[in-house]
Structure formats: C-alpha cells, structure tokens
Amino acid sequence: MRNTKHILALVLFGVLLTSCLSNNKTESKNGRKKSDSSVAIKAEEHWSYEGETGPEHWADIVKNSSCGGEFQSPINILSDDAVLNEKLLPLDIQYASSTKIHDVHNNGHSIQYNFAEGDYINFNGARYDLKQIHFHESSEHTIDGIRYPMVIHMVHVNSEGKYAVLAVMVKEGKASAPFNFLENYLPVQKGETKIIDKPFNLNLNIPQNKGYFTYTGSLTTPPCTEGVNWVIFKEPITLAEQQVKQLRNLMPIDNYRNEQPLNGRVVSVVN
C-alpha cells in the first residue's frame, strides 16, 4: 500500500513537472513571438506627416533614403531671385484627350490617379511619360511665401528612371468641370483602389498661362529621391470649396512637407 502511494506520488510529480516545462516552453515561445513581433513592427514602421514619423524624422526612419540630402524639395520660390534662362528649351506638353486613367488609389498619404500610357512631356530635350497625379493640402512649394490651399503633382518618368514633376497650384474659386469627373470615383478609403479605365484630358487641369519656375530638387515623399526636375506653374487653377473639401477629407491633415534649404541652387523662370 505504501509502495502504491509512493508510485502515485511519483507519477503525479512527473505530470506536474511535464506541465510546468510545457508552460515554460509556451511562455518562452510566446516571448520570442512577442519579441519578433516588436521587431517586425519596428521594421515596418512607416512615415507620416506628424509626430515621431513626421517629415523631420524621415531621414532616420526610412533607411537608405535621400531624405537627409542637400538638394531636397519643396522650397520657397522667390520670384525676384528667379533667373531668366534663355538656354532652357520650351516645355512641350503632349496630353491627349484619349489617354485613360487606369485607377484611383488611396495610399494613406494622398489620393492618386494612375494613368495608362499615352500622355507625356518633352522637357529640356528629354521625353518624360506621365505615370500618375496626386494631391497635397496645402501646397508644398510656396511662391514668395504664399502657400496655396492645394496642389496637383503630375509625376513623369523618362527612360532612364529620372523624374519630372509638374506642380499646379490650386485656389478656391470657380468650380472645375474636370474635377467633377475625377471626384465621381470618390470616396476611396485608405488602401482602396477603384478601376476607372476611362479617358481624361489632363490639359483641362493646366493653367492657360504656361509660365513656370523650374529647378532641380527631390521627391517630396520618401525615399526623397534627388535629381527631380520640378516645373511649378506660376498661375493657379481654381476649384470650388466643396471640391477641395472632398479631396481634403480623404487625405491626412496637412499632408505636405515643409520648406527645404535651397543650398545654392538656382531657380529659373520661363514667362
């Protein structure tokens, strides 16, 4: 009887020991998972327009980017300091009424319309194909310290992967019929894409006066790639207040990067 009790005690001890070891393994495994998860979250930490992931921290949180470079965008353009460059070839805009918008996408930073092949510009002797247009509220570049309520960035890429971006300033005023078409496909929620696959004449969103400022800068969002040819039209277009609000409500508040140092760069002007 005594031996039987002894054996039962040993069995019970063994069961308890096994259970404890199993729990320890589970806790250890869960601990590693938690640690791995923390590393993953840190690795996936993304940039934003505010707080610890805002523009002033992009160079630190977006590894291998150019966000800490010397020739960044946007800048404040001083019209009196802009140099008339007679050697600069005219900007040749080749936007066709038959070019289709493939889709509209909310990437969490802006509303972006992606275009099918067809539209392009010739800038300073090179062809750049239109890829997409997107919006910032308020404008990123300023002209003589003036920040417009919104800006349209028209992003082009050439055969060597170099960028040329047209910036069209927007102010509140008369409603824009072309924007009625664009906003027919809104709202799109963060991460959502809607197929459009219909033609759109982007000429309708270009100012009548084609005078512009130009300089070499960078993308205004990470990875802040430098060597970007910027063309900022001097004349804004107008949108109705409600049209501006519809876009504004789908984007982060103040989704613009602040002014960057000029660092000796020259801004040219074409009247």
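Which residue in the turn of the hairpin formed by β4 and β5 has a positive phi? The first legend gives the answer; the structure shown throughout is a predicted model.

**View 1. The hairpin of β4 and β5.** Strands β4 and β5 form a hairpin in which four residues lie between the two strands. Gly-108, located in the turn, adopts a positive phi of about 90 degrees. The pairing of β4 with β5, which spans residues 111–115, is antiparallel and extends over five bridges. Within this pairing, Val-104 is positioned opposite Tyr-113 of β5.

**View 2. Strand β4 and its pairing with β11.** Strand β4, comprising residues 100–106, also pairs with β11, comprising residues 193–199. The sense of this pairing is antiparallel, and five bridges connect the two strands. Val-104 has Lys-194 as its bridge partner in β11.

**View 3. The largest pocket and its lining.** By residue class, the lining contains ten polar and seven nonpolar residues, with no charged residue. Strands β7 (126–136) and β9 (150–157) each contribute at least two lining residues. The largest share, three residues, is supplied by β7.

View 4. Asn-205 is situated in the loop between β11 and β12, the latter covering residues 212–218. Is this residue buried or exposed? Asn-205 counts as buried because its relative accessibility is 1%, against a cut-off of under 20%. Leaving aside residues up to four places away in sequence, Asn-205 touches Met-154, Val-168, Ser-176, Pro-178, Phe-179, Leu-182, Phe-200 and Ile-237.

**View 5. The protein as context for the close-ups.** The protein contains four helices and 15 strands. Of its 271 residues, 42% are buried. Among contacts between residues at least 6 apart in sequence, 67% join residues at least 24 apart. The accessible surface amounts to about 15,100 Å², and carbon and sulfur atoms account for 51% of that area.

Conventions:
Residues are numbered from 1 along each chain as its sequence is written. This is a predicted model: local features need pLDDT of at least 70, side-chain atom pairs count only at pLDDT 80 or more; totals for chains, interfaces and linings use all residues. Side-chain values use heavy atoms; hydrogens and water are left out. Ala, Val, Leu, Ile, Met, Phe, Trp, Tyr, Cys and Pro count as nonpolar, Asp, Glu, Lys and Arg as charged, and the others, Gly among them, as polar. Buried means under 20% relative accessible area, exposed over 50%, partly exposed in between (1.4 Å probe, protein chains only). Contact means heavy atoms within 4.5 Å. Accessible areas come from the Shrake-Rupley method with a 1.4 Å probe; for residues, only the protein chains shown count as cover. Two strands pair if DSSP finds at least two bridges between them.
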